[in-house]
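The sequence and the structure come first.

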Amino acid sequence: MKNSKIMLIDSDSYTSTVLFEELSVHGFNNAHRVSSGFEVPIALEKFAPDIVIFNYHFHQPDSLTLCSTIKLLSPESATMVIVSPGPALKAVRQWAKETKNIDVVIEKPLSDERFYMMLEDLVKLKESTKALTNRTELLANLVPQEAMLAAENHFNNEGEMFEAAILFTDIRRSSKLITTMAPRQYFEHLNTVLSAQSKEITRYEGSVIKYTGDGLMAVFKGMGRAYLALRCGLDLAQAAKDAALPYGVGVAEGLVLAGLIGDSAASGQRRQFDVIGATVHLASRLCGIANAGELIATKSINQRAKLNAPLPQPIQSVAIRGFDTKVDCVGFNLQQPQMQEL
Amino acid sequence: MKEQFNASDISKVIDQALIYQCACPAQVCKSIFELRELYDYQMNCIGDSANDQLVHQTIADATEKAHELMEKCLERILEIEGWDQKNFVMPELLKKKTTKSL
């Protein structure tokens, strides 16, 4: 806790020295002193303090604007203002209320017990906020954005139904590859391929719902979903020819249901966000029949996407396992020379 | 209420006496501010009813006396410690003594 970075702003050299030495006596050795407001922006950038202690002097009322500068340039830093009682205290409290740029106001003269108790509380608060932010960032990488939103909005057990384009990718002959490659090497290749796919999906405003082991599932929502999903699928199929592990792509569009799977009433039970429905199964099956570097999509999504190029190969009445009726599809094999639309 | 020291003078003394253990004049200054607040508060309260008026006037009178006494006390201690009583600047000797004691 005593390693926290403290920046002390005080225009008076005597009080600045007293406070700086006081901090040092109490073990706060990672402190930095600033005497003029002009130095503050550079000092904030270089020192990146956890806590800023600002010694406010009654005869410099304009210096309060520094608190706004601190919050603007270093929003992560907590600001503590030390102020004399009476009119100065009233002015600082009013400023804090109006601007919300001051975290703690403490009265002079400083009593050791009160000052260091507040300082330590502020340091603890900063540390727990930092830990929470790091955890949230870590979680954001592990959990789909939709799942985070669902959890934040206290998704009920019924889930949400909406129209979406679903995209699947899957590595071809993965069983053979994994038995011929060293596991670590396969893992590295898989990580590279899936990371690149995920990046493309984000670029086309899609969202990766899950990694399926040898591929991924993504969802595209909104008005332009058909175009974005197909365009993304084509770029992925194109990239498959240079990928360390070859893969196929499948795309379909229709009604899906998104929600958290798992019992919400049982505390501690793991819940998982998923998107389900016939459209999801269809996209997965289409991906299953696509060759490496090939995109297979339903004819209907291709018509809605209205792509100018490349021209697809029609695949009439495809029998899909689990579906009663045959589905008209189109295939884009980007490993072969494509006919361009004139 | 008659004021010998204005808010700026008193704040200047407190601003220089930052730390509690070397801030006895600042304690006196703090009391003066508190007495002023108490007096203002009583002035706002006077006029509610006959009984209340007597209560608040009694407190205001006592506060005024206490305030005068504390202002005299501040004048005297600033003189003893050798403060510049025109600009309210802490004497260098006192500053050195404070810094040395840390």
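## Packing of H8(A) against H9(A)

H8(A) and H9(A) are roughly antiparallel to each other, because the angle at which they pack is about 155°, and angles over 145 degrees are counted in that class. The model discussed here is a predicted one, and in it the axes of H8(A) and H9(A) are 10 Å apart, while the crossing in which H8(A) passes H9(A) is right-handed.

On the H8(A) side, the residues that take part are Ala196(A), Gln197(A), Glu200(A) and Ile201(A), and they meet Cys232(A), Asp235(A), Leu236(A) and Ala239(A) of H9(A). Sorted by class, the residues of this contact comprise five nonpolar, one polar and two charged.

## Helix H9 of chain A

Helix H9 of chain A covers residues 225-240, that is 16 residues, and the distance from its first C-alpha to its last is 22 Å, close to the 22 Å expected at 1.5 Å a residue. Buried positions in H9(A) are Arg225(A), Ala226(A), Leu228(A), Ala229(A), Leu230(A), Cys232(A), Gly233(A), Leu234(A), Leu236(A), Ala237(A) and Ala240(A). Among these buried residues are Cys232(A) and Leu236(A), which also belong to the H9(A) side of the contact with H8(A).

## Surroundings of Gly206(A)

Between helix H8 (183-203) and strand S7 (207-211) of chain A runs a loop, and Gly206(A) is found in this loop. Gly206(A) counts as buried because it has 23 C-beta neighbours inside 10 Å, where the cut-off for a buried residue is 20 or more.

Leaving aside residues up to four places away in sequence, Gly206(A) touches Leu167(A), Ile201(A), Ala218(A), Val219(A), Phe220(A), Leu228(A), Ala229(A) and Cys232(A).

## Chain A as a whole

The secondary structure of chain A consists of 11 helices and 13 strands, and 37% of its 342 residues count as buried. Among the contacts in chain A with a separation of 6 or more, 71% are accounted for by residues 24 or more positions apart.

## Backbone geometry in the loops of chain A

Most residues other than glycine have a negative phi, and most peptide bonds are trans. Lys108(A) and Pro109(A) are joined by a cis peptide bond, with omega at about -10°, and Pro109(A) has its place in the loop between strand S5 (104-107) and helix H5 (112-142).

Ala48(A), in the loop between helix H2 (40-47) and strand S3 (51-55) of chain A, is not a glycine but has a positive phi, near 45°. Ala48(A) is exposed, because 12 other C-beta atoms lie within 10 Å, and the cut-off for an exposed residue is 12 or fewer. Lys306(A), likewise not a glycine, has a positive phi of about 50° and sits in the loop between helix H11 (299-305) and strand S12 (313-318) of chain A. With 9 other C-beta atoms within 10 Å, Lys306(A) is exposed.

## Chain B and its helix pair

Chain B has four helices and zero strands, so that its elements, read from the N terminus on, follow the order α-α-α-α. Of its 102 residues, 27% count as buried, and residues 24 or more positions apart make up 53% of the contacts in chain B with a separation of 6 or more.

Helix H1 (residues 7-16) and helix H2 (residues 24-45) of chain B pack at an angle of about 140°, and their axes are 9 Å apart; the crossing of H1(B) and H2(B) is left-handed. In this contact Ile10(B), Val13(B) and Ile14(B) of H1(B) meet Pro25(B), Ala26(B), Cys29(B), Lys30(B), Ile32(B) and Phe33(B) of H2(B), and the classes come to eight nonpolar, no polar and one charged.

## Contact between the chains

The contact takes 21 residues from chain A and 20 residues from chain B. On the side of chain A that touches chain B, helix H1 (13-25) and helix H4 (87-99) of chain A each supply at least two residues, and the largest share, eight residues, comes from H1(A). By class, this side of chain A has 10 nonpolar, seven polar and four charged residues.

Key
Residues numbered from 1 in each chain as written. Chains lettered and ligands numbered in written order. Predicted model: local features only at pLDDT ≥ 70, side-chain atom pairs only at ≥ 80, totals over all residues. Contact = placed C-beta atoms within 7 Å. Nonpolar A, V, L, I, M, F, W, Y, C, P; charged D, E, K, R; others polar. Expected span 1.5 Å × (residues − 1). Axes fitted to C-alpha atoms, helices over the stretch in contact; angles between N-to-C directions. Parallel < 35°, antiparallel > 145°, perpendicular 65-115°, else oblique. Left-handed = near helix turned anticlockwise from the far one by under 90°.
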